[in-house]
Amino acid sequence: MKLEQLSWTPAEGWTTERSELQEPGAAQLALVFCSPKSLEDLSFIEELQGKFPEARIIGGSTAGNIQDTSVSDAGAVATVIHLEKGRANVVTTDIDAPAEVRGTARKVVEGLLADDLKHIFVLSD
């Protein structure tokens, strides 16, 4: 697994903090966390997608972005991942009522099942 860690501010855009990626275009997944205020204009996500066109972008808002040893309550942080011996798959769904949770979870898992499945990472509101 190779990583690239970036931070974003409205004034500076995306700044690479650390990178192990040899080929940014080969990244499969980007985990992005941002301040709620950053969600008012998603152009920073579009910019990140332009840098890593094959990466599936997932994440959400947070009360504090952690980058290395510092915490910020503004902007965004991203960890972009290239799996050398694996692949990433993303499944999204909405749950409209608590009674739908079990059936929806079953459908999500069924959408991910594969002989080479190693891990499932869930983000939920």
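The model is predicted, so local features need pLDDT of at least 70 and side-chain atom pairs count only at pLDDT 80 or more, while totals for chains, interfaces and linings use all residues. Residues are numbered from 1 along each chain as its sequence is written, and side-chain values use heavy atoms, with hydrogens and water left out.

Q: Why is E20 called partly exposed?
A: Buried means under 20% relative accessible area, exposed over 50%, and partly exposed in between (1.4 Å probe, protein chains only). E20 is at 30% relative accessibility, so it counts as partly exposed. R18 has a relative accessible area of 38% and is therefore partly exposed too.

Q: Why is E40 called exposed?
A: Because its relative accessibility is 65%. Its salt-bridge partner is K37, with the closest N and O atoms 3.4 Å apart, and K37 is exposed as well, with a relative accessible area of 60%.

Q: How do you know that R87 and D116 meet in a salt bridge?
A: Their N to O distance is 3.1 Å. The pair links distant parts of the chain, with R87 in the loop between β7 and α2 and D116 in the segment after α2, 29 residues apart. R87 is partly exposed at 48%, and D116 is partly exposed at 44%.

Q: What makes β1 and β2 a pair of strands?
A: Strands are DSSP runs of E, at least two residues long, and helices are runs of H or I, at least four, numbered from the N terminus. Two strands pair if DSSP finds at least two bridges between them. β1 (residues 2-9) and β2 (residues 13-19) have six, in the antiparallel sense, so they pair. S7 stands opposite T15, and W8 stands opposite W14.

Q: What makes the 15 residues a nonpolar core?
A: Such a core is a set of buried Ala, Val, Leu, Ile, Met, Phe, Trp, Tyr and Cys residues joined through side-chain atoms within 4.5 Å. The largest one has 15 residues, and L6, W14 and V32 are among those with the most contacts inside it. The elements that give two or more residues are β1, β3, α1 (43-51) and β7 (76-82).

Methods
A salt bridge is a side-chain nitrogen of Lys or Arg within 4 Å of a carboxyl oxygen of Asp or Glu.
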